[in-house]
Amino acid sequence: MQCKEAAQATAQAPGTAPGAAQSDADKTVLQSAVNQISEMAALSWSVSERYAEQIKLSGQTAKAELKLTGRSLTVAAGLIVCLGAGMVLMWFSLLLALGYVIFHFSGSVLLSSAVLMVLQLAVLYWCWRSLDYVLSQVGFGETWRQLKRLLLKAEGASDAD
């Protein structure tokens, strides 16, 4: 039978002290561990900097969309005022003159009113489409898209742990 001390003894090179080989191995392992920890710290710092940059970019996008939204709402308000006040007066005058000319040359009230109705509907359709486009520019779609992407990446990273 072997004794317990002989089974636990480590092989050493001839001429070296028993603690010297173990000390070099410990230093190598310790240095490797320190290198890995410093590399992990550098990667963590890089990730946190990139995350902060993404947050900053999302904030800049939100500010830009806020400006665009303000401009779009201003244009929409202008279109509504124009449609509600100035265009009504101008359009009424134009339709009145056009109706008079059509009635004068054709003598038909039905033809005059049909032409004026078609013109009125065409202009209202154009105004509606313009207003719809301007109001479609209102919102924070790009900001929400970036934040969702950022949050989904953060959730994916925490799920992987």
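Which helix gives the most to the nonpolar patch? Helix α3, which covers residues 109-136, gives the most, with three residues. The model is a predicted one, in which local features need pLDDT of at least 70 and side-chain atom pairs count only at pLDDT 80 or more, while totals for chains, interfaces and linings use all residues. Residues are numbered from 1 along each chain as its sequence is written, and side-chain values use heavy atoms, with hydrogens and water left out.

The protein chain has four helices and zero strands, in the order α-α-α-α along the sequence. Helices (H or I, at least four residues) and strands (E, at least two) are DSSP runs, numbered from the N terminus. Of the 161 residues in the chain, 12% are buried. Buried means under 20% relative accessible area, exposed means over 50%, and partly exposed lies in between, with a 1.4 Å probe and protein chains only.

The accessible surface of the chain comes to about 13100 Å², and 69% of that belongs to carbon and sulfur atoms. Such areas come from the Shrake-Rupley method with a 1.4 Å probe; for residues, only the protein chains shown count as cover. The nonpolar patch on this surface is made by Leu83, Met117, Leu121 and Leu124, and has an area of about 370 Å². Patches are made of residues with over 30% relative accessible area and no salt bridge; like charges are joined within 9 Å, and nonpolar side chains (Val, Leu, Ile, Met, Phe, Trp, Tyr) within 5 Å. A salt bridge is a side-chain nitrogen of Lys or Arg within 4 Å of a carboxyl oxygen of Asp or Glu. Leu124 is found in helix α3 and is partly exposed, with a relative accessible area of 40%.

Gly139 is partly exposed, at 27% relative accessible area. Leaving aside neighbours within four places in sequence, Gly139 is in contact (heavy atoms within 4.5 Å) with Glu65 and Thr69. The C-alpha atoms of Gly139 and Ser72 are separated by 9.6 Å, although the two residues are 67 residues apart along the chain. In the chain, residues 24 or more positions apart account for 75% of the contacts with a separation of 6 or more.
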